Amino acid sequence: MRLKLDIDDMANDFFADTRLLGVVTSVKDYQFCWKLNHLLRFDFRLNSDIEIQLTRKNRKYYFSVYEYHEPHNSLTHYMYNNYFDGEYLLPEFKHLDFLWLLKGDIVADDYVKELQETIKLLGGVQMVTELAGDKIKNKSHLIF
């Protein structure tokens, strides 16, 4: 008997009660997180343990992930780099520089809207938009 890993079920479980934002900016990842940390009083840190590694064209690509746990609830923020050395983590969103996943707690619409407005205040940010889960073709690329 062979068992088959159901990627769709795994993705659905991983993305249950999550919100995902896409960010377009000219700012490098470490500078972007530094600015967010100061503006929002967050503490985004690079987490190399959950770095996303994809193999394409017989080559490995590494997409860094920054992480911040809110101190008084179970909400965690993950900031994915969408681009590495000519490849995209989510090729269907090539125009986005970063993907911001909010996971671990129910996130109210007001919170997301306020977060989007605050991110837009940062210098170098051109756009912040919420991404609908059904529009993401390569959800499994975001699972760590």
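Contact here means heavy atoms within 4.5 Å. This is a predicted model, so to speak for local features pLDDT has to be at least 70, side-chain atom pairs count only at pLDDT 80 or more, and totals for chains, interfaces and linings use all residues. Residues are numbered from 1 along each chain as its sequence is written, and side-chain values use heavy atoms, with hydrogens and water left out.

**Exercise 1. Work out what Asn47 touches and whether Asn47 is buried or exposed.**

Step 1: find the residue. Asn47 sits in the loop between E2 and strand E3 (52–56). Helices (H or I, at least four residues) and strands (E, at least two) are DSSP runs, numbered from the N terminus.

Step 2: list the neighbours. Leaving aside residues up to four places away in sequence, Asn47 touches Val65, Tyr66 and Glu67.

Step 3: check for a polar contact, i.e. a pair of N or O atoms within 3.5 Å; within protein, one must be able to donate a hydrogen and the other to accept it, and residues adjacent in sequence count only if both atoms are side-chain atoms. The side chains of Asn47 and Glu67 make one at 2.4 Å.

Step 4: classify. Buried means under 20% relative accessible area, exposed over 50%, and partly exposed in between (1.4 Å probe, protein chains only). Asn47 has 18% relative accessibility, so Asn47 counts as buried.

**Exercise 2. Trace the order of the six strands in the open sheet.**

Step 1: set the rule. Two strands pair if DSSP finds at least two bridges between them.

Step 2: read off the order. The sheet goes E2-E5-E6-E9-E1-E10, with antiparallel pairing. Strand E2 (45–46) and strand E10 (125–130) are the edges, each pairing on one side only.

Step 3: walk across the pairs.
- Strand E5 (residues 65–69) and E6 share five bridges, with Tyr68 partnered by His77 in E6; E5 and E6 form a hairpin with six residues between them.
- E6 and E9 pair over six bridges, and Tyr78 stands opposite Leu101 in E9.
- E1 and E9 pair over five bridges, with Val23 opposite Phe98 in E9.
- Strand E1 (residues 19–25) is joined to E10 by five bridges, and Gly22 faces Thr129 in E10.

Step 4: look at burial. Five of the six residues of E9 are buried, so E9 is largely enclosed by the rest of the structure. As for E6, six of its six residues are buried. In a regular strand the side chains alternate between the two faces of the sheet. Thr76, Tyr78 and Tyr80 point one way from E6, while His77, Met79 and Asn81 point the other way.

**Exercise 3. Describe how H2 and H3 pack.**

Step 1: Two packed helices are described by the angle between their axes and the distance between the axes. Axes are lines fitted to C-alpha atoms, for helices over the stretch in contact, and angles run from 0 to 180 degrees between N-to-C directions.

Step 2: Helix H2 (residues 29–40) and H3 pack at about 115 degrees, with axes 11 Å apart.

Step 3: name the residues. Phe32, Leu36, Leu39 and Leu40 in H2 meet Leu115, Thr118 and Ile119 in H3.
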